[in-house]
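Walk through this fold with me, strand by strand and then side chain by side chain. Keep the structure open as you read.

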Amino acid sequence: MACTAGQVIRCKAAVAWEAGKPLVIEEVEVAPPQANEVRMKILYTSLCHTDVYFWEAKGQNPLFPRIYGHEAGGIVESVGEGVTDLKPGDHVLPVFTGECKDCAHCRSEESNMCDLLRINTDRGVMLNDGKSRFSINGKPIYHFVGTSTFSEYTVVHVGCVAKINPLAPLDKVCVLSCGISTGLGATLNVAKPSKGSTVAIFGLGGVGLAAAEGARIAGASRIIGVDLNSNRFKEAKKFGVTEFVNPKDDKKPVQEVIAEITNGGVDRSVECTGNVDAMISAFECVHDGWGVAVLVGVPHKDAVFKTHPMNLLNERTLKGTFFGNYKPRSDLPSVVEKYMTKELEVEKFITHSVPFSEINKAFEYMLKGEGIRCIIRMEE
């Protein structure tokens, strides 16, 4: 691959020209990486709900034309000036958030919210010069969350690239660069359930199932899945969910239902829907004295969280988390190793696979609510 270093690469990319319209496979030009940037060949990518949300222009500021995609695995093609910890041929996961290793957040053992590289959905250009590395006939095509993996080649800031074990199959571990690590880490790193504890998971989509997987790995004795769609329970059993509560099935608030079946409340809860009512229920369903609730889902911008202060004074703890509290460069390699040692089961998250030419099928699956993750194979 080194023969292309320093040169513009022409390759295929799936371009979103306007909101909600099918992506179009186009030939794009990908400029060489500049200082602190990495150009990589994407081998596998998958579709996450965040891609669909911004493609539908439900996000803050719609920006088109754009190349979406942020869950992926690839190989470094070339590196820009100042990049010392990556070289061509390295196997990597690009990540929508980053780790500069210099700011107060990166130096803190508690935070992963890098000042320089935390997620920015509005920015469509590279930090280095405020320009895009993608173009068609000289016209810029915008980046998405610094990754833009729906392209055979992409350019990413070095701080958003995790170097992983080259023996790890990229068609599997590519899904660890976003949603699965978010849910897994919310449980293992933030909720931290002890062996034998009870855990409630609100929302059984991909992130919620990953949170359940974390509870399974931690050795929870009861994992209660909460979802408005009862059809999700069968699939959730594969991820360790032992029982299911549908809030629509009872006139009582779901937090009261959970308190009744757990003798006062669960030890831990993880909320993965973004619905503010579910967030309140997730907090109020944990046991007083020691219960911990963790919020993962992103709420509506006008949402307000309301609960009685006594719920806190009675020694319940409410926490929030971003990307499962994982620092991308420092911690993601160890998540990949959990898969390599068979502690974490990734295959069950992957329900569909399509060639790059049929990327719009992946959107159809997600819009219909079919499956969990669809792998898009860049090389057909």
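Strand 2 and strand 6 (residues 134-136) pair antiparallel through two bridges. Here strands pair if DSSP finds at least two bridges between them. Helices (H or I, at least four residues) and strands (E, at least two) are DSSP runs, numbered from the N terminus. Across this pairing, E29 faces S135 of strand 6. Strand 2 (residues 24-30) also pairs with strand 1 (residues 9-15), antiparallel, over seven bridges. There, A14 has I25 of strand 2 as its bridge partner.

The model is predicted, so to speak of local features requires pLDDT of at least 70, and side-chain atom pairs count only at pLDDT 80 or more, while totals for chains, interfaces and linings use all residues. Residues are numbered from 1 along each chain as its sequence is written, and side-chain values use heavy atoms, with hydrogens and water left out.

Now move along the chain to an open sheet. Six strands pair in parallel, in the order 12-11-10-13-14-15. Strand 12 (243-245) and strand 15 (317-320) are the edges; each has a single partner strand, so one side of each lacks a neighbour in the sheet. From one strand to the next, the twist averages 20 degrees. Take one pairing in detail. Strand 10 (residues 198-202) and strand 11 (residues 222-226) run parallel, joined by five bridges. In that pairing, A200 sits opposite I224 of strand 11.

Helices pack on this sheet. Helix 5 (residues 206-218) touches strand 10, strand 11 and strand 13 (268-271), and its direction makes about 170 degrees with that of strand 10. Contact means heavy atoms within 4.5 Å. Axes are lines fitted to C-alpha atoms, for helices over the stretch in contact, and angles run from 0 to 180 degrees between N-to-C directions. Helix 8 (residues 276-284) lies across strand 10, strand 13, strand 14 (292-295) and strand 15, at about 170 degrees to strand 13.

How many of the nine residues of helix 8 are buried? Seven are, and the helix is mostly covered. Buried means under 20% relative accessible area, exposed over 50%, and partly exposed in between (1.4 Å probe, protein chains only). The buried set includes V276, M279, I280 and F283. The buried residues of helix 8 pack against strand 10, helix 7 (254-261), strand 13, strand 14, helix 9 (309-313) and strand 15.

Next, the interior. A nonpolar core is a set of buried Ala, Val, Leu, Ile, Met, Phe, Trp, Tyr and Cys residues joined through side-chain atoms within 4.5 Å. The largest has 104 residues, and F150 and V173 have the most contacts inside it. A second, separate core has 15 residues, among them A200, F202, V254 and C285.

Aromatic rings come next. Rings of Phe, Tyr and Trp (its six-membered ring) pair if their centres lie within 6.5 Å; planes under 30 degrees apart count as stacked, over 60 as edge-to-face and the rest as tilted. The count is twelve aromatic pairs. One of them joins F96 and F323 edge-to-face, 5.3 Å centre to centre, with 80 degrees between the planes. This pair links distant parts of the chain, 227 residues apart: F96 is in the loop between strand 5 (91-94) and helix 2 (104-107), and F323 is in the loop between strand 15 and helix 10 (328-340). F96 is buried at 8% relative accessibility. F323 is buried too, at 2%. Elsewhere, Y53, F54, F64, Y68 and F144 form one aromatic cluster.

What of the cysteines? A disulfide is a pair of cysteine sulfur atoms within 2.5 Å. The count by this rule is zero. The sulfur of C11 is too far for a bond, because the closest cysteine sulfur, in C3, is 14 Å away. C103 is in no disulfide either; the nearest cysteine sulfur, that of C106, is 3.7 Å away. C11 is buried at 5% relative accessibility, and C103 is buried at 11%.

Finish with two single residues. H91, in strand 5, is buried at 18% relative accessible area. Leaving aside neighbours within four places in sequence, H91 contacts residues including G74, I75, A162 and L170. E343 lies in the loop between helix 10 and strand 16 (350-355). At 36% relative accessible area, E343 is partly exposed. E343 and I217 are 126 residues apart in sequence, yet 7.2 Å apart in space, C-alpha to C-alpha. Beyond neighbours within four places in sequence, E343 contacts E213, R216, I217 and K338.
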